[in-house]
Amino acid sequence: MVAKLSGVNFIGLDGLSITGLTEEAFANLGENGNIHASHGHSCSECTQPYRETQDSPPDDSATVKMVVIDGIVMGPQHCAYENCSNTLVNHRGGVFCDVHNLEFEARCRVRDCPNQKINNIQACNEHQEMWHKYNLEHSSDYLNGARRMLRKPAENLPWNKTRGRHVQQPHDESDNEISNKKHYFSASRYYCVETICAPCGAVIAWTKFVKSESATNILKFLEDVFPNEESRPDYICIDKACKVLRTAVANGSWVYWFKGSHFVVDGYHYTNHRSDDYLCRKWCNPAPQDGSAPNLVYIAQDRDGERYYK
């Protein structure tokens, strides 16, 4: 069905497993996560008539569109080797892609160790202790017992974060892509699956970020999905919009986006952003009431004729 809708004649090899057939189908029909059937999607939830001012009536001849971009931390696995995000050769206990699986077939899996493995374990004689420690910490008894801690309501323990007036959101923190991996005993996991959706829920595109949901990765993803001015949405809602905007200004790509698109923060995260962040308050406000964004907030009337912001 997907092949028919995409206008592609997809033929799989005989004898392929379910996993192999899925990989072949995605390679031929996946469009690198770009769901072209959703491009041009329009409904009353994600497309609104254009308004020139807050008081002006809607112009049905022009429309305003918004997309929402967010990361889902679900952690699919990929090759454990440093800076390699290729598919695992074996998804049941495997840790490497086909290339690095051959390279480490008989070699110790501790990073930068050139020695050979011994005694049917994944480490050399020098690193046996590291291997046994890893196995202990990843055993079911350890995970379900020793590392479990029952946290009581309102319990104030030294390792629990204290609640302050300003909650430090993940998007306020710096993006750390420096790896501290000491060994290759287990497969690596993607940081998140990033999605671009319409406000109604229709998925437009998705991709996987290897190490972080950095502003640079987000801008590259947006450029791949919306390559020209005609395809770009009017508003892009993202929890770290101010950080993405700041990065775009720094690397010069803001000229590319400011011709027709605006980055806005969703309401929940906007209230938790720093009150002294001028760029966020000025340019990423999701509901300005000064008339600067009539297509986000406009003046309506209730049943009694009272005017209110909608």
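Visitor: Which residues does glutamine 122 touch, not counting residues up to four places away in sequence?
Guide: Glutamine 122 touches Cys108, Arg109, Lys117, Trp131 and Phe185. Keep in mind that this is a predicted model.

Visitor: OK, and where is glutamine 122 found?
Guide: Glutamine 122 sits in the loop between H3 and H4.

Visitor: What polar contact joins the side chains of glutamine 122 and arginine 109?
Guide: One of 3.1 Å joins those two side chains. The side chain of glutamine 122 also makes a polar contact with the side chain of lysine 117, at 2.9 Å.

Visitor: What else lies in the loop between H3 and H4?
Guide: Asparagine 119 is in that loop, and so is aspartate 112, with helix H4 covering 128–137.

Visitor: Is asparagine 119 buried or exposed?
Guide: Asparagine 119 counts as exposed, because its relative accessibility is 63% and the cut-off for exposed is over 50%. Its phi is near 50°, a positive value in a residue other than glycine.

Visitor: And aspartate 112, buried or exposed?
Guide: Aspartate 112 is exposed, with a relative accessible area of 70%. Aspartate 112 also has a positive phi, about 65°, although it is not a glycine.

Visitor: What separates the C-alpha atoms of aspartate 112 and histidine 183?
Guide: They are 8.6 Å apart, while the two residues are 71 residues apart along the chain.

Visitor: Switching topic. Where does aspartate 277 lie?
Guide: Aspartate 277 is in the loop between helix H9 (267–272) and H10.

Visitor: Why does aspartate 277 count as buried?
Guide: Its relative accessibility is 16%, and buried means under 20%.

Visitor: What does aspartate 277 touch, not counting residues up to four places away in sequence?
Guide: Aspartate 277 touches Cys242 and Arg246.

Visitor: Let's look at helix H7. Which residues of H7 are buried?
Guide: H7 runs over residues 241–251, and its buried residues are Ala241, Cys242, Lys243, Val244, Leu245 and Ala248.

Visitor: What comes just after H7?
Guide: Glycine 252 does, and glycine 252 takes a positive phi of about 90°.

Visitor: How many cavities of 30 Å³ or more does a search of the whole structure find?
Guide: The search finds one, and the largest cavity has a volume of about 30 Å³.

Visitor: Which residues line the largest cavity?
Guide: The lining is Leu245, Phe258, His262, Phe263 and Trp283. By class, four of the lining residues are nonpolar, one is polar and none is charged. Leu245 is also among the buried residues of H7.

Visitor: Zooming out, how many helices and strands are there in the protein?
Guide: The protein has 10 helices and 10 strands. Of its 310 residues, 33% count as buried. Residues 24 or more positions apart account for 56% of the contacts with a separation of 6 or more.

Visitor: Where is confidence lowest and where is it highest?
Guide: Confidence is lowest in helix H5 (residues 140–146), with a mean pLDDT of 58, and highest in helix H3 (residues 98–103), at 94. The protein averages a pLDDT of 80, and 78% of the residues score at least 70.

Visitor: Where does pLDDT stay under 50?
Guide: One such stretch is residues 150–154, for which the model has two contacts beyond four places in sequence. Residues 162–172 are also below 50, and that stretch has 19 contacts in the model beyond near neighbours in sequence. Where pLDDT is low, the predicted coordinates should not be read in detail.

How values were computed:
Residues numbered from 1 in each chain as written. Heavy atoms only, no water. Buried < 20%, exposed > 50% of the residue type's maximum accessible area, 1.4 Å probe, protein only. Helix = DSSP H or I, 4+ residues; strand = E, 2+ residues; numbered from the N terminus. 1 Å grid on protein atoms, 1.4 Å probe; cavity = no way out; pocket = protein on both sides within 12 Å on 5 of 7 lines; lining within 4 Å. Points joined across faces, edges and corners; volume = space filled by probe spheres on them. Nonpolar A, V, L, I, M, F, W, Y, C, P; charged D, E, K, R; others polar. Contact = heavy atoms within 4.5 Å. pLDDT = per-residue confidence, 0-100. Polar contact = N/O pair within 3.5 Å; in protein donor to acceptor, adjacent residues only side chain to side chain.
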